[in-house]
Amino acid sequence: MKENISPELRAAREEVVRAQVERFQNFYSSYFNRKETIAMAKFFFETVYNLEGKEEWETLAFNTYAKVKHMMKEGTRESVERLIELNTITDELDIKLGKLLLEHGWKPGTKISEEEYFERFRELGESQSRKKQLEVVLFNLRKFYDLAHRPINSYIMKPAAVMARMLGVYPLFKKVEQGYYATLPVSPEIFNSFFDEVEKREWEFLFQAFPELKK
């Protein structure tokens, strides 16, 4: 289980998440305002980073999932595990960035600007962890889209949800389910355009923060 964090650090982590989601909304505003992609953009750039229910999610991930994962279909299991991996990397980085905010005198209730977020992001370092985080994000983007567009999965999702409830891990599966339905209506052309833009802009963001990653 993760260490308990103080109320101040919890608030700082929440501000990190808010600033991060705001950056995504600014970077990809066209997708947040396009009928065909609103649900997909909200899932990948808001729902995945949402802290609501996080404690329950993590408890299931660390204490229960290993006991029941062998009962899940391979595709569902891989999707859950990739989300757990992304959650673990992101949470560790967000907590470290939250600690850095506090070291700089940040106070709960204060919003940081996009510029300050980037400065702290760069100051924290962790370039290899950020690289791994982005690789998992891009993998998940592609994986969820492929999952939603395999015809057989339209017959699997509802029974999989029932099974997840029976096993007591539905909160873990719920995000997989949300990702499935968010990407289902998106055409290959629109998705590929979305994926290419995210891949390009997020690598540019990382290279701006950590030029050494270009080597």
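This report describes the fold, helix packing, nonpolar core and salt bridges of a predicted protein model.

The model is predicted, so local features need pLDDT of at least 70 and side-chain atom pairs count only at pLDDT 80 or more, while totals for chains, interfaces and linings use all residues. Residues are numbered from 1 along each chain as its sequence is written, and side-chain values use heavy atoms, with hydrogens and water left out.

## Overall fold

The secondary structure consists of 10 helices and zero strands. Helices here are DSSP runs of H or I with at least four residues, strands are runs of E with at least two, and both are numbered from the N terminus. Along the sequence the pattern reads α-α-α-α-α-α-α-α-α-α. The protein has 215 residues, of which 47% count as buried. Buried means under 20% relative accessible area, exposed means over 50%, and partly exposed lies in between, with a 1.4 Å probe and protein chains only. Among contacts with a separation of 6 or more, 81% are between residues 24 or more positions apart; a contact is heavy atoms within 4.5 Å.

## Helix packing

Two packed helices are described by the angle between their axes and the distance between the axes. The axes are lines fitted to C-alpha atoms, for helices over the stretch in contact, and the angles run from 0 to 180 degrees between N-to-C directions. Angles under 35 degrees count as roughly parallel, over 145 as roughly antiparallel, 65 to 115 as roughly perpendicular and the rest as oblique.

Helix α3 (residues 38-45) packs with helix α9 (residues 170-183) at about 150 degrees, the axes being 8 Å apart. The two helices, α3 and α9, are therefore roughly antiparallel. Their crossing is left-handed, a term for a near helix turned anticlockwise from the far one by less than a right angle, with clockwise giving right-handed. On the α3 side the contact involves A39, M40, F43 and F44, and on the α9 side K175, Q178, G179, A182 and T183.

Helix α6 and helix α10 (residues 188-209) pack at an angle of about 65 degrees, and their axes are 9 Å apart. This makes α6 roughly perpendicular to α10. The crossing of α6 and α10 is right-handed. Here Y117, F118, F121 and R122 of α6 meet F205, L206, Q208 and A209 of α10.

## Buried residues and the core

F43 lies in helix α3 and counts as buried at 3% relative accessibility. Leaving aside neighbours within four places in sequence, F43 is in contact with V48, F144, K175, Q178, G179 and A182. F43 and Y180 are 137 residues apart in sequence, and their C-alpha atoms are 9.7 Å apart in space.

The largest nonpolar core has 63 residues, and Y28, F44, F45, Y117 and F194 touch the most other members. Such a core is a set of buried Ala, Val, Leu, Ile, Met, Phe, Trp, Tyr and Cys residues joined through side-chain atoms within 4.5 Å. Not counting residues up to four places away in sequence, F194 touches Y31, M40, F44, F45 and L141.

T90 is placed in helix α5 (residues 74-103). At 7% relative accessibility T90 counts as buried, and beyond neighbours within four places in sequence T90 is in contact with Q20, Y49 and Q133.

## Salt bridges

Side chains of opposite charge can pair when their charged atoms come close. The structure holds 12 salt bridges, each being a side-chain nitrogen of Lys or Arg within 4 Å of a carboxyl oxygen of Asp or Glu. The table lists some of them.

| Pair | N to O distance |
|---|---|
| E15 and R18 | 2.8 Å |
| E85 and K132 | 3.5 Å |
| E126 and K96 | 2.9 Å |

E15 and R18 are three residues apart in helix α1 (residues 7-27), so about one helical turn separates them. E15 counts as buried at 7% relative accessibility, whereas R18 is partly exposed at 24%. A network of salt bridges links E15, R18 and E22.

E85 and K132 meet in a salt bridge. This pair links distant parts of the chain, with E85 in helix α5 and K132 in helix α7 (residues 127-148), 47 residues apart. E85 is partly exposed at 24% relative accessible area, and K132 is partly exposed at 35%.

E126 forms a salt bridge with K96. E126 lies in the loop between α6 (114-124) and α7 and K96 lies in helix α5, so the pair ties together parts 30 residues apart in sequence. E126 is partly exposed at 27%, and K96 is partly exposed at 36%.
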